[in-house]
4 protein chains.
Amino acid sequence: MSEKSVTPNYSELFSPTDFRYTVDELKPILSEEAFVKYKAKVEAALAAQLAEIGVCSESAAKEIARSCERVTAKQVYAEEARIKHDVRALANVIRDGVSDAAKPYVHLAATSYDIVDTANALRLKDAVKRVVIPDLAKLENALILIALKYVDNVQMGRTHGQHAEPITFGFSISWYVSRLGQRILAIEKAADSLSGKFAGAVGVYGPLSLLVSNAEKFEKGLLVSLGLMPSEVSTQIVQPEPITDLMHSIVSAFGVLANFARDMRQLQRTEISEISEEFSESQVGSSTMPQKRNPINFENVESMWKKFMPQMVTVYMDQISEHQRDLTNSLSQRYLPELLVAFDSSVRRLTRTMWDAKRNEARIFVDTSAMKKNLEMSADDITAEPLYILLSNAGHPNAHEAVRKIVQRTISEKKSFLEAAKSDPEIARYIAKIPKNKWKMLDSPSLYVGIAPKKAKRVALAWQKEMLRFSR
Amino acid sequence: MSEKSVTPNYSELFSPTDFRYTVDELKPILSEEAFVKYKAKVEAALAAQLAEIGVCSESAAKEIARSCERVTAKQVYAEEARIKHDVRALANVIRDGVSDAAKPYVHLAATSYDIVDTANALRLKDAVKRVVIPDLAKLENALILIALKYVDNVQMGRTHGQHAEPITFGFSISWYVSRLGQRILAIEKAADSLSGKFAGAVGVYGPLSLLVSNAEKFEKGLLVSLGLMPSEVSTQIVQPEPITDLMHSIVSAFGVLANFARDMRQLQRTEISEISEEFSESQVGSSTMPQKRNPINFENVESMWKKFMPQMVTVYMDQISEHQRDLTNSLSQRYLPELLVAFDSSVRRLTRTMWDAKRNEARIFVDTSAMKKNLEMSADDITAEPLYILLSNAGHPNAHEAVRKIVQRTISEKKSFLEAAKSDPEIARYIAKIPKNKWKMLDSPSLYVGIAPKKAKRVALAWQKEMLRFSR
Amino acid sequence: MSEKSVTPNYSELFSPTDFRYTVDELKPILSEEAFVKYKAKVEAALAAQLAEIGVCSESAAKEIARSCERVTAKQVYAEEARIKHDVRALANVIRDGVSDAAKPYVHLAATSYDIVDTANALRLKDAVKRVVIPDLAKLENALILIALKYVDNVQMGRTHGQHAEPITFGFSISWYVSRLGQRILAIEKAADSLSGKFAGAVGVYGPLSLLVSNAEKFEKGLLVSLGLMPSEVSTQIVQPEPITDLMHSIVSAFGVLANFARDMRQLQRTEISEISEEFSESQVGSSTMPQKRNPINFENVESMWKKFMPQMVTVYMDQISEHQRDLTNSLSQRYLPELLVAFDSSVRRLTRTMWDAKRNEARIFVDTSAMKKNLEMSADDITAEPLYILLSNAGHPNAHEAVRKIVQRTISEKKSFLEAAKSDPEIARYIAKIPKNKWKMLDSPSLYVGIAPKKAKRVALAWQKEMLRFSR
Amino acid sequence: MSEKSVTPNYSELFSPTDFRYTVDELKPILSEEAFVKYKAKVEAALAAQLAEIGVCSESAAKEIARSCERVTAKQVYAEEARIKHDVRALANVIRDGVSDAAKPYVHLAATSYDIVDTANALRLKDAVKRVVIPDLAKLENALILIALKYVDNVQMGRTHGQHAEPITFGFSISWYVSRLGQRILAIEKAADSLSGKFAGAVGVYGPLSLLVSNAEKFEKGLLVSLGLMPSEVSTQIVQPEPITDLMHSIVSAFGVLANFARDMRQLQRTEISEISEEFSESQVGSSTMPQKRNPINFENVESMWKKFMPQMVTVYMDQISEHQRDLTNSLSQRYLPELLVAFDSSVRRLTRTMWDAKRNEARIFVDTSAMKKNLEMSADDITAEPLYILLSNAGHPNAHEAVRKIVQRTISEKKSFLEAAKSDPEIARYIAKIPKNKWKMLDSPSLYVGIAPKKAKRVALAWQKEMLRFSR
């Protein structure tokens, strides 16, 4: 699946979202052309609803619907250049395509933002549910399979960048399976909560009340025909919070991707080398250092997050609109699609970095022997925790401090901690009380992984099941 | 209810949250002293749980519980100064208060963040559910009563700061009743979703698995005893998203307050004067202009929002923690309580600006005669919309443009629009087809409020009912 | 000068910067095509410098320069698709256009970011100095002429949205003349401080030191030939602070524009009506309210500011790059041109909203009679300040409080303040001591404008002179 | 020098800046008490200036000055509680301390923000110049000495977290010496550009013009007596850009600290271990893992940056103030001192982490043998770059690609790259043309550090000289 089917016009473009990081599948939904189509679709639904209650004829509504289907962005922009109003321009273009008998019913009783806000809800919902969530589900599924594959492979757990206690690699992935899975559900919920409106210029259904007896029923009928519910109260615009929530769900999911990307690129450090991105035959790592193999895809995702996360500040500022609205959220909202495209582009990048869909196997290289080697570096030190726990459980009143002193000394002196501990008379007294089956973890620290494999497996399988309903 | 019972030590304080905008009721929950208490409470629950499954004796657990109750921040800080670790310092202080027999079971099998993250979830949840939501409900109830009181009072609706079409003042308040009500529910949901953890240093229940047969059951038992559920998968820390969601719910609710405050202060402009803050006998408006009466409380709330909204960027950055955690979210998370205090302080400020709780009536002054006067300014122009709708409905194929041309001309020439429209031969032809009962709105534009009163009332009453369960 | 000469491909575009708000003059500098040209220009300068010191022949350098001129983005992207490295792709395309003898000297001793960072400094500097600053100077000149035209027109000064004391409209504009003027100088300084680098993959001039005896001299020669100076110390990348400073200068100038736009649209409120945007014959204000005339250009500018200001957070995050660099600033930096385009587009919008360049006169409509009418509303109240000052100066020990009490009472009772003050026996005693020439301001409050006209004029003329060097 | 001399009242405090991260030396400048003192100082300077031009008597001015010195925050807050205006409260408290003859001259002709903005400029400037810059100079000096000490110690340079080419540790520190040094100069410049104002309620010197013949001269005299210059044009407030610039200089310097902290903590990773924070005898690294030694100070600094960097968004929003000002920047500005305290606290933390002032030597532990060991890991691979450069220089038309293929193959096959290259017939042909003295770097890659030592030394010494003028 290529993401760049059309050669971009590089000499006209500034935003990399429009050439370098574009997503083909989102163009029919989120491009400017698509926006015009969505607005025309709402105009058509309005005419249909007017016919439904007898304000206009069925044939007028059908004429309008046909005209709506033919509208192009180019036409609308040309008309807007003349009259300086985008939605009236759209209405004029639609009107130009219908008979005089149908003309009065184009855009009748609508204010611009009845059309714009409803179209925005529709297109954002479509983008999320038809493309973004299915793409997220693919990434989630890839992570699930990797978690399951490496469910037993012991890896050193790291806190503060320091060796801590052992985990398994599958377990470390299950942390992301769980976080990403929950974000997918949050995104779905937020998309389903987007609402439209048809309440007129100041939200009181003034124009509509001139034409119909139950304005709210008309609004609901129109919106339900499009798959939306109305905002509980509107002014000229829908309430801003549902879009704010949707963007939060996206941006917080982006944070999960960025965290994952950070982890993966750190594990690819030369000294750690537990992971590496695939590197093709012809690929160049550096224009001057022929030997370089860099975690460029993980870096790219973190960079995309850095670029788009702060846009939440704009979204929060756009909650404020004076009285029955000012227009200072109009331009800024036009940039919301770019955020979705950037996010989806990062989801796809991570998926193809982690997983080879054609061969249905991991594309990321996991070096389990490097994991073992790294664990080995601290195998002796990490017994300090289980020893302290077992000593405490054996009744040592001050085990943490006793163990801490020995381990600090042996780290400084580069001696074996466990040997030193065993030969400490006071500690030895309590060691004698430790059951054999517990002690084995001190001799083989790679056994000290708690319930990591079991839990990772259960979590991965649960999310695998949950994802079934998102498969395209 | 005073918010400043203790005289602050002004020469020691930098953050206005600690003196100027403090909230007394949040001190027992969110102060640094309270944080120590919450952590000690988790330590006590741990000991109780260890006793529950027989790792330690009941009496040891009780000893520990008593010691936990006595711990003070001062003691813990003193110990931390010595050993440079805050949670081990807490454990040491607790240990110092128990017998040697109980000592091994203090903090046993816990990693610091088992305690810290669980305590954070507890205190944030308590702050939100015991103070913030009840405070929000008071504000919501005040807005509801104001909406109901002014449900029929006609006000000019404004878009782009320009007169648009009429609404009622009660309707304009119902917009905030609905938005704020929904945010209250979102905050409640987010608070209920906060989770704790007891999964050890890297999330695999290593230490716990040395002591108990079912580590996850132990974790769940411990957390449920505190009123929390466990994070689905943890590393050293709980998943960051629940706190991210909570902060989003707070910050987006803050946006609603800021929007409301903006509206109110704009309505207080000298030229508009539809609203004014109460001004006491002794109050000074300006140190040099004795006549000034400023909307200082509304300005204050918008300023508080500007200060704290960007902290969401920190919250989003804190989603990233390397591997099984790094500590770069530790300090930054210590500032989350300040955000809650600032928000709650603004909620209280708005409530007391709008509502006099003692006399149970509005404190804000609403000048309904100014509203009428302002409406009158544009009474003629605003008939353009209903006329265009009625002409269209009467079959005029191009009513918007026809009306637009007349209105633009009459605005320029400062003539009556409606008279000019009536005397336009082509328009007159369609006017003849307009039913009388519709025409009355053109003669009395203040009737052109659609369903504003009915809808405002329904919305206000629905939220009044919803708020019942939050009354303290 | 049209800003949209080419019909955009609406079905391919997501970012409004690429169609709706584009700036033609910035395309040859900041488009993706232009970026490739700038990088090729640096490659050509490298070859020239290598020839200069005798590493390669003059003819090889010339061959390379010619090949650099022919490079297109399309070619480079095609090669990048193959080898997955953007700058090596560029080098390969250049190489393909030269003889085998010249091939070794293409990109020799360069690391990618020697090229990229230097090209970035060049194109940002060119964009700022060739387009953005001249555009800003046009706006500044328009504001200067408006300030001068209305230097004496009295307007009510407003604080907290409340009438305060009189100013002149020209003075209120001079506030923006001064602020914007100083931002222009700050932008210029920041652009001149951008630096390039040619220090190799980790900043120690490793490759270059293999070829030349004085690597820093070589770097300086190369950069000076392009009009830049080197970063004092580089790693793989230049120091991030100069670009951070440039973006700060732009974003803080954007804040000045946003403040100006906010002021202007508030002055256009129906109740105030001191200002209005030009409204053309065919222009539509609302798709449903034919009478609407909205401050859409001012709203647009504030909205653009809301969209792009938060990108500073990205810029600050991009200061962090691990060790000798990680790549997480690569993608995010590709979005810096969009910020400049958005800013410049807003500068142009404000200029054409305020000023008609063809007729060389103000396009914004300033209603000086509305200003007088608004001033009249509070003419009585605003004498409170000068009266308090004059009473104090006449020795009244408590004038502010005495005046405050009278004015609060007369506001409540809707009586004349000045009459009440004059008839207050205690005050009257001090009034007698006030010189006649001071008293006239109390009788004619529009005289109470301090030194507004004089100061506004001086400031406007000073900046007019300063702007001379920026005229294109 | 202790930073916590007074035991904080933990049960009253929410913001960690007021207890955990406070800075004693900033309390006399930036605490709330100090703010009152600074405002009183401006009031005293006003009285002195009034006396200077003969509006009041010398003795009145002296009375006022004495009263100003005695004012406390507690008094002012008590009065503010009564009259709800902070600056009039201050004026009242000062008035209470003087005779009736002096009373009229307290605060005469001043608007609140003449006092507040001037006091803010003064205290921010004092904080920066008396504490923050000297503290930064100490950190800079520590880094300089470390750079000089390790100027020759070879370290692997890292890009993308991957081994790149060698540098020296001193060179890597010189990158921060240069960046931090330049930020110090930027902060100094921004602090020197802060300005005050005495232009009255709307900036036109209305009140002052009633009393003096040259209002601007009076303003300048007053401000110069305090060490400030006036804002070119003011409204009720000074222009916001100078404070915006100061905060940018601080926040961008914070970015340099955060980058440094990130680097240091990554170098402390167990697998890298080139650096470690000092760890005291009694220090605890983890409450459960007795062996842990974490980079907590570096983590702390990055976390502080994450908390406070986004406050720039507030600062940018505060540029917008309607007309002659609204009050929505009042509360938010009260939080600027907290940002300075947080920054300074991080500067101090880094200084004491890096440097032992008592023993005048590095406190940070630098493991030069680990650096060598890590370099050794990639000693073979890193010869690819110099080999490619030398081959190109020897005329190989396609050296990068030829070398890339060999190195990729040998990495995959885990063979020696250099051996493989030497045995490649085509490459060997060009190797023969490489001069011996160049070749030695291929045999000893640790020689391939370009001009790292020389440049690091020069840069360090230059900044050492520059810092001389900041030593306290």
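## Domains of chain A

In chain A, 22 residues of domain 1 are in contact with 25 residues of domain 2, two residues being in contact if their C-beta atoms, placed from the backbone, lie within 7 Å. The elements that give two or more residues to the domain 1 side are α1 (27-30) and α2 (32-52) of chain A; helices (H or I, at least four residues) and strands (E, at least two) are DSSP runs, numbered from the N terminus. The largest share of that side, eleven residues, comes from α2(A). By class, the domain 1 side has 15 nonpolar, three polar and four charged residues. Here Ala, Val, Leu, Ile, Met, Phe, Trp, Tyr, Cys and Pro count as nonpolar, Asp, Glu, Lys and Arg as charged, and the others, Gly among them, as polar.

The domain assignment of chain A gives domain 1 (16-108), domain 2 (113-281 + 292-371) and domain 3 (372-447), with bounds from an automatic or database domain assignment. The C-alpha centres of domain 1 and domain 2 of chain A lie 29 Å apart.

## Model and numbering

This is a predicted model, in which local features need pLDDT of at least 70, side-chain atom pairs count only at pLDDT 80 or more, and totals for chains, interfaces and linings use all residues. Residues are numbered from 1 along each chain as its sequence is written, while chains are lettered from A and ligands numbered from 1 in the order in which they are written.

## Chains A and B

Chain A and chain B each bring 82 residues to their contact. On the chain A side, the elements giving two or more residues include β1 (154-159), β2 (162-168), α7 (169-192) and α10 (241-267). α10(A) gives the most, with twelve residues. The chain A side divides into 37 nonpolar, 29 polar and 16 charged residues.

The same surface serves both copies, as 100% of the contact residues of chain A recur in chain B.

## Helices α10 and α11 of chain D

The axes of α10 (residues 241-267) and α11 (residues 296-308) of chain D come within 8 Å and cross at roughly 145°. Axes are lines fitted to C-alpha atoms, for helices over the stretch in contact, and angles run from 0 to 180 degrees between N-to-C directions.

Residues of α10(D) in this contact include D:Phe254, D:Leu257 and D:Ala261, and those of α11(D) include D:Phe298, D:Val301 and D:Trp305. The contact of α10(D) with α11(D) divides into nine nonpolar, one polar and four charged residues.
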